[in-house]
Amino acid sequence: MNAIKEKWLKIWGNFEKEHPKLSKWVYQVFYFFVFSMGVTVFQYLVFTFMPGMLGIELAGTEFMWPQKEMHIMGVDFTWSLLGYNVLRDASGAVMIGGGLGYFISYETGSFLAQCINFPLQRNITFKSKGNPFYQALWYFIAWVVISLICNGFNNLWMPIASAYVPPAIYNLLVTFITGGVSMVIFFFVFKIIFPEGEPEKK
């Protein structure tokens, strides 16, 4: 194992010397992807188990803003920027996976994931020495804006998906589609708010 490690370090060291800019991008993309996938798995677990923990009452409580009635692929649903439809089975009974319960679970999982992601991306991926309070503020603003974009997009296809696929697949789709869109946007946001080599501000 040590021989393999030493060989790899030698190869990487030579690559860094020959291609300093490209090697920085490769390093950042690699760690960004690894950490993003880690928090994506964390979010999936929250999206899957927290709605059940919050119970059927919250799942059956409607929380949506604004509300626009839509009909796509034979499914009637209400689109919103914030909140989710209450899900019901064929008999009309409320199902876990929608309503206020899912909204709380989604936002909680997403926010906690960012609390984990922020220090990893700042300190390891981008090795930034900027003002952490300033960076955290811009990170929070970016998260709010990206969350609104993802919520609006998700609420176009999630009601349709919930009618055709089981909950486990449904949560996977939510997690990876949301995570994929967020990852692409966040990478370039990080490049702006985490400038490499910036000195610590006193």
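How close do the axes of helix α5 and helix α6 come, and at what angle do they cross?

## Basis of the model

This is a predicted model, in which local features need pLDDT of at least 70 and side-chain atom pairs count only at pLDDT 80 or more, while totals for chains, interfaces and linings use all residues. Residues are numbered from 1 along each chain as its sequence is written, and side-chain values use heavy atoms, with hydrogens and water left out.

## Packing of α5 and α6

The axes of helix α5 (residues 132-164) and helix α6 (residues 167-193) come within 9 Å and cross at roughly 150°; axes are lines fitted to C-alpha atoms, for helices over the stretch in contact, with angles from 0 to 180 degrees between N-to-C directions. Helices are DSSP runs of H or I with at least four residues, numbered from the N terminus. The angle makes α5 roughly antiparallel to α6 (over 145 degrees). By class, their contact has 20 nonpolar, 5 polar and no charged residues, where Ala, Val, Leu, Ile, Met, Phe, Trp, Tyr, Cys and Pro count as nonpolar, Asp, Glu, Lys and Arg as charged, and the others, Gly among them, as polar.

## Aromatic pairs

A search of the whole structure finds 27 aromatic pairs, meaning rings of Phe, Tyr and Trp (its six-membered ring) with centres within 6.5 Å. F32 and F187 form one that is edge-to-face (planes over 60 degrees apart), at 5.1 Å centre to centre and 75° between the planes. F32 lies in helix α2 and F187 in helix α6, so this pair ties together parts that are 155 residues apart in sequence.

Technical notes: Helices (H or I, at least four residues) and strands (E, at least two) are DSSP runs, numbered from the N terminus. Angles under 35 degrees count as roughly parallel, over 145 as roughly antiparallel, 65 to 115 as roughly perpendicular and the rest as oblique. Rings of Phe, Tyr and Trp (its six-membered ring) pair if their centres lie within 6.5 Å; planes under 30 degrees apart count as stacked, over 60 as edge-to-face and the rest as tilted.
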